[in-house]
Amino acid sequence: MTTETAHRADGTGHADGAGTWAVVLPAERYEAERLVHHDTLELTGLTDVVRPRPGDRVAVLADEPPRLVALGRVTAPTQRHREDPDDPQSPVEPGTLVVAYTRRTFDEPVPADLLAFDGPLTALAPAAFRALVDQLGPPPARRTWLVSLDLPIEADTPAEAVRLFWSYVQDLGPRELPAFVSPSGDELAMQAFVLGAEANQDPEEDD
């Protein structure tokens, strides 16, 4: 049986030849994808004989408990490859699975505890994939947000202060630095976020 025949025989094939799959992210990779925006999800180390093909649809899930956090389509790898989301210069590796995100729902994941997964990559029946997608509903309307990061920095010159600023941002990142976000035109609604979640920055309220 050829790979293409097996691809269709496992129940994931559609009339247009596209398959449907689930990718389960380990905890650390899920946190990295949730904290920093990436256009694609790139995974290595998959040993499955039957693999997704370009154009196949993918449900991206976090584990424990299983929940849908994104949708995407398989695309061909490019010369640039991010095995480590924090290292865009990591080298190209053979067998990389690249999924281009088509929708993200990291902030409001959908329960997927009725699905059974066989490792990090699992073929999904089209009906199961559609059931996950239907739970998402229509995408929310996009709007403009103002995001800021204020750091008090001691330096000899403004240029040196800027260099130190970017050094702190690279070293500490979203896991330690609070970012402040508000809807455009409504700065009084500003909220602080650390680790991708709202975080109280008023020490008096913690007492």
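A pocket, as the word is used here, is an open set of grid points with protein on both sides within 12 Å along at least five of seven lines, and its lining residues have an atom within 4 Å of a point. In this predicted model, the largest pocket is lined by 35 residues, and R34, H37, R104, D107 and W145 are the ones nearest its centre. Two or more lining residues come from each of α2 (27–35), β5 (97–104), β8 (145–148), β9 (179–183) and β10 (191–194). The space in the largest pocket comes to about 1700 Å³. By residue class, its lining has 21 nonpolar, six polar and eight charged members.

Of its 207 residues, 31% are buried. Among contacts with a separation of 6 or more, 64% are between residues 24 or more positions apart.

Six of its six residues are buried, so β1 is largely enclosed by the rest of the structure. In a regular strand the side chains alternate between the two faces of the sheet. Here T20, A22 and V24 point one way, W21, V23 and L25 point the other way, and all are buried. Strands of a sheet pair through backbone hydrogen bonds, either parallel or antiparallel. Both senses occur at β1: with β3 (residues 57–62) the pairing is parallel, over six bridges, while β7 (residues 121–123) runs antiparallel to β1 and is joined to it by three bridges.

In soluble globular proteins, nonpolar side chains tend to be buried together. The largest nonpolar core of this model has 18 residues, and V23, L25, L41, V58, V60 and L97 have the most contacts inside it. At least two residues of this core are supplied by each of β1, β2 (40–43), β3, β4 (67–75) and β5. A second, separate core has 11 residues, including L71, A112, F129 and L132. The surroundings of V23 can be followed residue by residue: beyond its neighbours within four places in sequence, V23 contacts L41, L43, V58, A59, V60, L61, L97, P120 and L121.

Helix α2, which contributes to the lining of the largest pocket, has R29, Y30, A32, E33 and L35 among its buried residues. The cover over the buried residues of α2 includes β1, β2, β3, β4 and β5.

Four strands form an open antiparallel sheet in the order β8-β9-β10-β11. Its edges are β8 and β11 (197–198), each of which pairs on one side only. Two bridges hold the antiparallel pairing of β10 with β11, and V194 stands opposite A197 of β11.

The loop between β8 and α4 (158–172) contains E154. Is E154 buried or exposed? Residues count as exposed over 50% relative accessible area. E154 has a relative accessible area of 78%, so it is exposed. The C-alpha atom of E154 is separated by 8.8 Å from that of L164, 10 residues away along the chain.

How values were computed. Residues are numbered from 1 along each chain as its sequence is written. This is a predicted model: local features need pLDDT of at least 70, side-chain atom pairs count only at pLDDT 80 or more; totals for chains, interfaces and linings use all residues. Side-chain values use heavy atoms; hydrogens and water are left out. Buried means under 20% relative accessible area, exposed over 50%, partly exposed in between (1.4 Å probe, protein chains only). Two strands pair if DSSP finds at least two bridges between them. On a 1 Å grid over the protein atoms alone, a cavity is a set of points where a 1.4 Å probe fits but cannot get out, and a pocket is an open set with protein on both sides within 12 Å along at least five of seven lines; lining residues have an atom within 4 Å of a point. Grid points are joined across faces, edges and corners, and a volume is the space filled by probe spheres set on the points. Ala, Val, Leu, Ile, Met, Phe, Trp, Tyr, Cys and Pro count as nonpolar, Asp, Glu, Lys and Arg as charged, and the others, Gly among them, as polar. A nonpolar core is a set of buried Ala, Val, Leu, Ile, Met, Phe, Trp, Tyr and Cys residues joined through side-chain atoms within 4.5 Å. Contact means heavy atoms within 4.5 Å.
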